[in-house]
Amino acid sequence: MEELQEYSIRPRSDVVIRAANPTFEEGLAYARFLDQAADGFIRFMLGAKYAAVIAEAFATPGHDYSFENVLVAEREAMIAGTVAGYTAKQHLNCSDEVLCKTPGYSALRMSLVLFIAGPLWRFLNAIDDDDFYLQSIAVAPKCRGQGIGSMLIDAMEVRAAKTDATRFVLDVAEKNEGARRLYERRGMAETARWPSRFAIPRFRVRRMAKPIRS
């Protein structure tokens, strides 16, 4: 899920989109944007030290929260936003072991959260074999409305086109109507939702996808 505004002006020329660096500082920034994108679920899942837990694991390859999967929007030497994504194969082969070994990680807390939110977690983690999954995208509040979110998505779509994936896929909260409209304008369409019925819109998630153009 993600936090995303509609953008109405051209992207800024002073914004650079680059690959993330495997540093603790960038890991902290990514963790905060990731939690923003997930409406606070990362903090809920990992606890008050969530940012340090993610940042410690960030520099290590081979898992969903690795710097390998992250692109950064930088403006005036400040990180204005991040986007993360990976193929189904990368996700399937990832290991959570590095996360479990970081200081502050609570296996008991994680187990309780996954017990409570298990059905949603399984939905979010069910990525088809040929998919490239956009895990998260978030832009700093003061930088919204400047085209940075669109620049990040464009850059991740370019990365996706260099893989063997055939679909570009993401999940969006049903309450986030602005994001859904933006994705629809980018050619994405709903393919599934969780739960399929009997849910308050605030807690419903839609999966959207479109073909990847090589």
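**Reading the pocket, cores and salt bridges**

Q: In this predicted model, which residues lie nearest the centre of the largest pocket, and how many residues line this pocket?
A: The lining of the largest pocket consists of 24 residues, and those nearest its centre are Y65, Y86, W121, N125 and Q135. Two or more lining residues come from each of helix 2 (41-46), helix 5 (97-100), helix 6 (107-116), helix 7 (118-125) and strand 4 (131-139). The space in this pocket is about 440 Å³, and its lining divides into 18 nonpolar, four polar and two charged residues.

Q: Why is R18 called buried, and what makes E74 partly exposed?
A: The relative accessibility of R18 is 17%, and buried means under 20%, so R18 counts as buried. E74 has a relative accessible area of 24%, which falls between the limits of 20% and 50%, and E74 is therefore partly exposed.

Q: What makes the pairing of R18 and E74 a salt bridge?
A: The N to O distance between the two side chains is 3.2 Å, and the cut-off for a salt bridge is 4 Å, so the pair qualifies. R18 is in strand 1 (residues 15-19) and E74 in strand 2, 56 residues apart, and the pair thus links distant parts of the chain.

Q: How do you know that D39 and K175 form a salt bridge, and why does the pair tie together separate parts of the sequence?
A: The closest N and O atoms of D39 and K175 are 3.5 Å apart, which is within the 4 Å required. D39 lies in the loop between helix 1 and helix 2, whereas K175 lies in the loop between strand 5 and helix 9, so the pair ties together parts that are 136 residues apart in sequence.

Q: Why does R186 count as buried, and why is its salt-bridge partner D154 called partly exposed?
A: R186 has 19% relative accessibility, and the limit for buried is under 20%, so R186 counts as buried. D154, at 38%, is partly exposed, because this class covers the range between 20% and 50%. The closest N and O atoms of the two residues are 2.5 Å apart.

Q: Which residues have the most contacts inside the largest nonpolar core?
A: They are I148, F168 and Y183, in a core of 29 residues, to which helix 8 gives the most, with six residues.

Q: What makes R159 partly exposed?
A: R159 stands at 25% relative accessibility, between the limits of 20% and 50%, and therefore counts as partly exposed. R159 is found in helix 8 (residues 148-161).

Notes:
Residues are numbered from 1 along each chain as its sequence is written. This is a predicted model: local features need pLDDT of at least 70, side-chain atom pairs count only at pLDDT 80 or more; totals for chains, interfaces and linings use all residues. Side-chain values use heavy atoms; hydrogens and water are left out. Helices (H or I, at least four residues) and strands (E, at least two) are DSSP runs, numbered from the N terminus. Buried means under 20% relative accessible area, exposed over 50%, partly exposed in between (1.4 Å probe, protein chains only). On a 1 Å grid over the protein atoms alone, a cavity is a set of points where a 1.4 Å probe fits but cannot get out, and a pocket is an open set with protein on both sides within 12 Å along at least five of seven lines; lining residues have an atom within 4 Å of a point. Grid points are joined across faces, edges and corners, and a volume is the space filled by probe spheres set on the points. Ala, Val, Leu, Ile, Met, Phe, Trp, Tyr, Cys and Pro count as nonpolar, Asp, Glu, Lys and Arg as charged, and the others, Gly among them, as polar. A nonpolar core is a set of buried Ala, Val, Leu, Ile, Met, Phe, Trp, Tyr and Cys residues joined through side-chain atoms within 4.5 Å.
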